[in-house]
Amino acid sequence: MHEMSIARNLLEVIERYAPANGSARVKVVRLRIGELAGVVPESLRFCFEVASEGTVAHGAELVIETVPLIGRCRTCGVAFHVEGYVFICPHCGSPRVELISGDELDVVELEVEEEGCP
Amino acid sequence: MSVITIERKILEKNDEIARQNRARLTEHGVLALNMVSSPGSGKTSLIERTLEHLNGKLRVAVIEGDVHTSLDAERIARYRVPVVQIVTHGGCHLDAHLVAEAMTKLDLTRLDVLIIENVGNLVCPANYDLGEAMKVVIISTTEGEDKPLKYPAMFRQAAVLVINKVDLLPYLDVRLRVLKQNALCINPSLTVFETSCTTGMGITRWCDWLLMTVARGVKTRGE
């Protein structure tokens, strides 16, 4: 259900930005999804296939870039991959860690084909 | 083949409505809490105890999210506070649009606190901003000390952690210290409360904190 709702939201964004001339088909959708976003790519692909039926993006391939969970220590300034979701600096032990990346749920770009123009 | 650069958040529409909700709530000086937990952790019981305790001290309304029933809203209505039921019909989380609609049924000018009880689920509600001032995550001791590690996004986003059913600790193989440690590793800035909605333990401390938070908000707005 979770991925279905995200798939529907994704379709809304695509329909807002894809050319509305009737002959364009979205072939590829590039996404950026963070480790912490809690989205299962396979599940999202399945839901998107179902949800996109009859839309400009039906049959489009979802290309998903997984963004690593990176934190930066506010005490010593070191950036590090957050292992096991422990937001504690592995260098100085400080718990003052800010999130640099890993919570993304973004649409990056669409590849669109005009019918009759391969 | 042409490439169209979008660079948008998938949930941009939800986030935009959440911003509007937050602006309306802030304008009226209402503290909105998004209460999240797995099913059966005691969200509704905690809200009931809170309403009992704050009766006459704060003006509270409740938005109840439920997958199929209005059972929780019926429980809350006994406390004679404004309550709006959202039935998601299978949906596993509340979104900003549903909350915006529910808010139109409430008189925000007569409120200090809006408690939004999300659908029982520690995964999906983490992605959907509702416009709340803070997320309050509730975990019951019976769920085990590893829960924060299994649902890190929710614990990372929450400002407050309420550990409920502490009266059951003597019967469980759960170490409260480890449970807290696991949550604080993910989010060291969590404010932690330990409660039992059955015995009433810890409810005063939680409610005092709510009163203080509202008072501080009122002061800030007055400045």
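Reply: First, what "buried" means here: a residue is buried if 20 or more other C-beta atoms lie within 10 Å of its own, with the C-beta atoms placed from the backbone. Keep in mind too that this is a predicted model.

Now to helix α2 of chain A, residues 41-51. Its buried residues are A:L44, A:C47, A:F48 and A:A51. Look down the axis of α2(A) and those buried residues fall within an arc of 105 degrees, so they line one face of the helix. Turn to the face pointing away from that buried side and you'll find the exposed residues A:E42 and A:V50. As for what covers the buried residues of α2(A), the cover includes α1 and β2 (61-67) of chain A.

The largest nonpolar core has 95 residues, and its largest share, six residues, comes from helix α1 (residues 2-17) of chain A. The residues with the most contacts inside this core are in chain B, though: B:V113, B:L114 and B:I116. Take B:V113: leaving aside neighbours within four places in sequence, B:V113 is in contact with B:V30, B:L31, B:L33, B:L58, B:V60, B:L210 and B:V214.

B:V60 leads on to strand β3 (residues 60-66) of chain B, where seven of seven residues are buried. B:V60, B:V62, B:E64 and B:D66 point one way from β3(B), while B:A61, B:I63 and B:G65 point the other way. β3(B) pairs in the parallel sense with strand β5 (residues 113-117) of chain B over five bridges, and B:E64 stands opposite B:E117 there. β3(B) also pairs, again in the parallel sense and over five bridges, with strand β4 (residues 83-87) of chain B; here B:G65 stands opposite B:I86. To get from β3(B) to β4(B), the chain crosses through helix α3 (residues 71-77) of chain B, in a right-handed β-α-β crossover.

Last stop, the place where the two chains touch. The contact takes 29 residues from chain B and 28 from chain A. On the chain B side, the largest share, eight residues, comes from β1(B), and that side divides into 16 nonpolar, seven polar and six charged residues. Strand β6 (residues 105-114) of chain A is joined to β1(B) by six bridges, and the two run antiparallel.

Notes. Residues are numbered from 1 along each chain as its sequence is written. Chains are lettered from A and ligands numbered from 1 in the order in which they are written. This is a predicted model: local features need pLDDT of at least 70, side-chain atom pairs count only at pLDDT 80 or more; totals for chains, interfaces and linings use all residues. A residue is buried if 20 or more other C-beta atoms lie within 10 Å of its own, exposed if 12 or fewer, and partly exposed in between; C-beta atoms are placed from the backbone. Helices (H or I, at least four residues) and strands (E, at least two) are DSSP runs, numbered from the N terminus. Two strands pair if DSSP finds at least two bridges between them. A crossover is right-handed if, with the strands pointing away from the viewer, the path from the first strand over the helix to the second runs clockwise. A nonpolar core is a set of buried Ala, Val, Leu, Ile, Met, Phe, Trp, Tyr and Cys residues joined through C-beta atoms within 7 Å. Two residues are in contact if their C-beta atoms, placed from the backbone, lie within 7 Å. The arc is that of the directions from the helix axis to the C-beta atoms. Ala, Val, Leu, Ile, Met, Phe, Trp, Tyr, Cys and Pro count as nonpolar, Asp, Glu, Lys and Arg as charged, and the others, Gly among them, as polar.
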